[in-house]
Amino acid sequence: MHETNWGLLIVVYLFLGGLSAGLFFASGLANYLKVDDKPAYARVARMGALLAPWPVAIGSGLLILDLGNWYRFYKLFMHFRWESPMSIGSWLLTAFTVIAFLYLYSWLKEDERTWIFSKIPASWKLIHRLNVDISSWRETLGMIGFPFSIGVGIYTGVLLGAVSSRPFWNTNLVAQMFLFSALSSGAAALLLAMVLDKKNPIEKHETKFLVTLDVVFISLELFIILPYLIHGELSTQAVKQALDLILGGPFTFIFWGPFLFLGLLVPLAIEVYELFPAIFKGREFHGSRNLALTAASLVLIGGFLLRYIFVYAGQMSSFHSKMGLLQ
Amino acid sequence: MAMKKKRYALVIDSRKCLNCKACVVACKAENKVPVGHFRNRINEERKGEYPTLSINFEPEQCHHCDEPSCVRVCPTGASWQRKDGIVLVNYDECIGCRYCMIACPYDARYFNEEEGVVDKCTFCVQRVDKGEVPACVETCPSKVRVFGDLEDPKSRIRELLATRRYKVKEPQTGNGPQLYYLL
């Protein structure tokens, strides 16, 4: 009877939802930080804005495909059930996606807007009325979007954490773990995109900003994973048994090797190595392109693996005594 | 006159269970459960090695909990609970997200791939509403299961729960399960 009900699609969706949240957060922050009344990292903010809505839009599509009756997804929006994390989440995700697309629109340049609307038949006058400049809304949309992006980041964790029957998930640390993992993968994805964009080569102060952001988020994530393990080991029998899945069970290798070491510690080490001389020795920031690429890719892989481990291991954990059919 | 309050529950005397699985078959026939899925099951547990050996059989199905976590997490309200305690799925509202299956501590639900909806034991509402007992209860040759209304002071299950010692499974999940296992 004990089977896996949520599979890879859910893992991908949780990852993409978190990624969007992180991209929006990083972009909003980059736009908010000012030097001489001008955004200090305007190009970072623009890149983040252009990327942010897409992962969550694709992820929501995958989520709908995963339903038993995908065409009934509209029923999610016929109800609001505050006790159901998924109900709250669907509304939150929709609001966030709308805000993220508006934010993207506010960052489009004049010629980009003209190009998009040139593709729409001229007879569709109603749509052409939308061809307006809302670049003055950037800051407002960013501010409105902040709580929503954090909400989406937390939601992906709460969806699992609020299930009281799965001791692997049901701790008060999973929400924060997923949030910081989401924010760090957002910063990493932004760094990756900026480094790969050869037309507009990334500048050192921009790399430094994103690397700093990532170091902060990875450190916070680490400081949540450690208490998650320690507290779980000091908890009740069911929680301890659930943790055995990663401390001597089917997920031990993938948790400690690919996720914790390669996905968190190695990129953290690379980024700290990059930042160290600039912060403590007063020297210039390295800004190595290859190291940035490596660290950012590893962070993204780590973020994906965290969700993979949690979705699968969580479903295997249970309070139910293991009674089954005799062999 | 107001209807009297009801609370259906099941008492299980698992020491009487022979593991004949007549209940499983009766349920499948009564509720047309698709091939490969079951609404009830008999857990088997072996202790020790020959010659000091014992085998326990323990029938299990939906516990029709007082605080059902499946109902709480359902995003559309498709999982719902009747006033008499029976937990049901409204198949027209179910979108097939399977969140309830994950939230159930007892693994009592299954996913009907053909219909794309989640399904489970209904205590045979179609029979109970006519004053009959669920198919699994009726068919059991050794009378393991006793079905009844906890609010009715004269019912057999009230008598059993008052005079016998019993346990419920995993009460620590806070679901308030309503399958009572006699000890």
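User: Hi! Which residue of chain A forms a salt bridge with B:Asp107?
Analyst: That's A:Arg166, with the closest N and O atoms 3.5 Å apart. A salt bridge here is a side-chain nitrogen of Lys or Arg within 4 Å of a carboxyl oxygen of Asp or Glu. Keep in mind that this is a predicted model, where local features need pLDDT of at least 70, side-chain atom pairs count only at pLDDT 80 or more, and totals for chains, interfaces and linings use all residues. Residues are numbered from 1 along each chain as its sequence is written, chains are lettered from A in the order in which they are written, and side-chain values use heavy atoms, leaving out hydrogens and water.

User: Thanks! How many salt bridges are there between chain B and chain A?
Analyst: The count is three.

User: And how much area do the two chains bury between them?
Analyst: About 3,600 Å², with 53% of it on carbon and sulfur atoms. Buried area is the accessible area (1.4 Å probe) that two parts lose on being put together, summed over both.

User: Which three residues supply more of chain B's share than any other three?
Analyst: B:Arg72, B:Tyr99 and B:Ile102, which supply 21% of the area that chain B buries against chain A.

User: How many residues does the contact take from each chain?
Analyst: Chain B gives 42 and chain A gives 36, where contact means heavy atoms within 4.5 Å.

User: New topic: is α1(A) mostly covered or exposed?
Analyst: Mostly covered, as 21 of its 25 residues are buried, meaning under 20% relative accessible area (1.4 Å probe, protein chains only). Helices are DSSP runs (H or I, at least four residues), numbered from the N terminus.

Technical notes. Buried means under 20% relative accessible area, exposed over 50%, partly exposed in between (1.4 Å probe, protein chains only). Helices (H or I, at least four residues) and strands (E, at least two) are DSSP runs, numbered from the N terminus.
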